[in-house]
Amino acid sequence: MNNIITNIQKFSIHDGDGIRTSVFFKGCPLKCRWCHNPETQRYQPEMEVDREKCAGCGTCEKVCPNGALKMIDGHPVLDKDTCKLCGKCTNYCPAGVREIIGYTYSVKALVKELMKDQMFYEESGGGVTLSGGEVMTMDFDYILAVAKELKHQDISLTIDTCGYAPYERFEKLLPYVDTFLYDVKVMDPEVHKEYMGVDNTLILDNLAKLAAAGARIYIRIPTIKEVNGTEENMKETIKFLKEHDIQPAQINLLPYHNTGSSKYPKLDMEYKGTELNAPDKEEMKALVQLFKDAGFTNTKIGG
């Protein structure tokens with residue numbers, strides 16, 4: 001079952017209303033250049049290695065039962081094809097260099113974990129957010145079962161999505177979801193394909209359908225100067241929202257940041273966002289004002 005989780009984050013305040021517990025699932029059909037959670041991109045568990053901490057002691061090579069680790073020039077080199085992710089090297093490493101990213105919960109175990117903070121949800125108007133990666137591309141029977149159980153427990157559910165999944169999934173999940181945090185990255189389909197790896201036709205179609213179905217939607221726009229942080233792109237976004245009568249409960253413009261870039265070397269991945277920048281404060285305010293002037297008064301920076 002494709003229901004691998006990288007993290008269950010308690011006391012989240014930026015993933016929807018109130019205090020929330022956010023579940024980050026592993027695997028995403030998009031490959032955004034600026035992704036700040038690269039550990040959620042691949043659909044399978046993997047080994048994260050902080051090489052800067054490695055002392056070259058060779059313990060990992062000695063304890064690996066599969067011969068997947070070899071010391072070369074004083075540094076352990078992992079053969080990913082041989083590695084079974086058994087975890088022995090992570091358990092015995094004296095410096096804590098290695099960590100397996102990705103683990104599974106049964107529906108019952110996950111809901112039990114999420115219910116531990118029920119008191120905080122009730123006091124703050126919060127709940128649970130299922131995020132990613134892309135939660136809508138996970139094993140759907142699993143996601144639907146979690147959503148139904150949370151509904152049964154009267155826990156507010158938010159889905160954080162890039163929108164790139166069959167609409168039938170959104171439709172089946174609608175009765176159990178209070179809010180969708182919906183990413184709208186850039187309107188030009190070719191620019192979207194260049195920076196995200198896919199065009200945005202399905203994403204925009206699903207957004208329009210969700211709005212027509214009466215879903216409560218927060219639109220989130222990660223704002224990058226070189227990609228979408230322009231007056232032209234924001235006006236195109238406004239035009240799309242108007243044409244499809246989409247009235248989001250909130251619009252959040254999220255300034256670009258590179259805080260996740262340090263994760264890439266640990267996963268043998270290349271960070272491709274080094275040339276990207278956030279608009280400055282005055283530029284961000286001007287972009288927000290475009291939405292407010294168009295009638296989207298609940299638009300703000302961050303969130």
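A residue counts as buried when its relative accessible area is under 20%, as exposed when that area is over 50%, and as partly exposed in between (1.4 Å probe, protein chains only). The structure is a predicted model, in which local features need pLDDT of at least 70, side-chain atom pairs count only at pLDDT 80 or more, and totals for chains, interfaces and linings use all residues. Residues are numbered from 1 along each chain as its sequence is written, and side-chain values use heavy atoms, with hydrogens and water left out.

**The sheet**
- An open sheet of 8 strands has the order β1-β2-β7-β8-β9-β10-β11-β12, with mixed pairing; strands are DSSP runs (E, at least two residues) and helices likewise (H or I, at least four), numbered from the N terminus.
- At the edges lie β1 (5–12) and β12 (299–301), each of which pairs on one side only; pairing requires that DSSP finds at least two bridges between two strands.
- Strand β11 (residues 250–255) runs parallel to β12 and is joined to it by 3 bridges.
- Within β12, I301 is the bridge partner of L253.

**Helix α10**
- Helix α10 (residues 281–293) lies across β10, β11 and β12.
- Its buried residues are M284, L287, V288 and F291.
- These residues lie on the same side of α10 because they cover an arc of only 100 degrees around the axis, taken from the directions from the helix axis to the C-beta atoms.
- The buried residues of α10 pack against β10, α9 (231–243), β11 and β12, where contact means heavy atoms within 4.5 Å.
- Exposed residues E282 and D293 are carried on the face of α10 turned away from its buried side.
- After α10 comes G295, with a positive phi near 105 degrees.

Technical notes: Axes are lines fitted to C-alpha atoms, for helices over the stretch in contact, and angles run from 0 to 180 degrees between N-to-C directions.
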